[in-house]
Amino acid sequence: MDGAHPHLLFNHFPIIGSILSAIILIAGILLKNETVKKTALGLAAFTAIMTIPAFLTGEGAEEALEAINQAPDAIIHEHEELGETALWTTLVVGAISLFSLFRLNSSIGKKLVTASLVLMIANSIFLAKVGNEGGMIRHTE
C-alpha cells in the first residue's frame with residue numbers, strides 16, 4: 001500500500017458525511033424529532049474529525065503520484081489549496097454543530113440548528129468541488 005491509498009480511503013468521509021448530516025438534519029427539522037436532529041449534529045462533528053486524516057494523508061498521495069510521474073502539478077495544487085480550506089470549513093461546521101447539539105434545548109437552539117443546516121449545505125457543496133478536483137487527478141497507482 002502506497003501513500004495514495006489512505007487518502008483515497010479517508011477523503012470520502014468528509015463529502016459523504018457532510019451531505020448525510022445535512023439530509024438527516026433536514027429530516028429532523030421536518031419531523032420535529034430531537035433525536036434525529038441530535039444524530040445529524042453528532043454526525044457533522046464526526047465528519048469534522050474524519051476530515052483531519054483526509055487532509056493529512058494528502059501529502060502521501062501526492063508523493064505516490066510523483067513517484068510514478070503521474071502528478072499533474074496544477075490540478076494537485078488546486079486540490080491541495082481547496083483541501084486546506086475544506087479542512088477548516090468542515091472543522092468550523094463540526095464545532096458549530098457540536099455546540100448546537102449541547103444547546104439544542106436552549107432559547108437559541110432553533111437558531112443554532114438553522115445556522116448549522118445552512119453551513120452544512122454550503123460546506124457540502126464546497127466539499128463536492130474539492131472531491132471533483134481530486135477526481136480529476138489520474139489514479140493509476
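A salt bridge here is a side-chain nitrogen of Lys or Arg within 4 Å of a carboxyl oxygen of Asp or Glu. By that rule, this predicted model holds one salt bridge.

**Close-up 1. Glutamate 34 and lysine 37 meet in a salt bridge.** The N to O distance between the two side chains is 3.2 Å. Both partners sit in helix 3 (residues 34-56), three residues apart, or about one turn of the helix. Their surroundings are worth a look too. Glutamate 34 counts as partly exposed because its relative accessibility is 31%. Lysine 37, at 14% relative accessibility, counts as buried, because the cut-off for that is under 20%.

**Close-up 2. Ten residues make up the largest nonpolar core.** Among them are Ala22, Leu25, Leu41, Ala44, Val93, Leu104 and Met120. Helix 2 (12-31), helix 3 and helix 6 (109-135) each give two or more residues to this core. As a rule, nonpolar side chains in soluble globular proteins tend to be buried together.

**Close-up 3. Alanine 44 touches Ser21, Gly94, Ser97 and Met120.** That list leaves out residues up to four places away in sequence.

**Close-up 4. The largest cavity has a volume of about 40 Å³.** Searching the whole structure turns up one cavity of 30 Å³ or more. Sorted by type, that's five polar, three nonpolar and no charged residues. Helix 2, helix 3, helix 5 (73-102) and helix 6 each supply at least two of the lining residues.

How values were computed: Residues are numbered from 1 along each chain as its sequence is written. This is a predicted model: local features need pLDDT of at least 70, side-chain atom pairs count only at pLDDT 80 or more; totals for chains, interfaces and linings use all residues. Side-chain values use heavy atoms; hydrogens and water are left out. Helices (H or I, at least four residues) and strands (E, at least two) are DSSP runs, numbered from the N terminus. Buried means under 20% relative accessible area, exposed over 50%, partly exposed in between (1.4 Å probe, protein chains only). A nonpolar core is a set of buried Ala, Val, Leu, Ile, Met, Phe, Trp, Tyr and Cys residues joined through side-chain atoms within 4.5 Å. Contact means heavy atoms within 4.5 Å. On a 1 Å grid over the protein atoms alone, a cavity is a set of points where a 1.4 Å probe fits but cannot get out, and a pocket is an open set with protein on both sides within 12 Å along at least five of seven lines; lining residues have an atom within 4 Å of a point. Grid points are joined across faces, edges and corners, and a volume is the space filled by probe spheres set on the points. Ala, Val, Leu, Ile, Met, Phe, Trp, Tyr, Cys and Pro count as nonpolar, Asp, Glu, Lys and Arg as charged, and the others, Gly among them, as polar.
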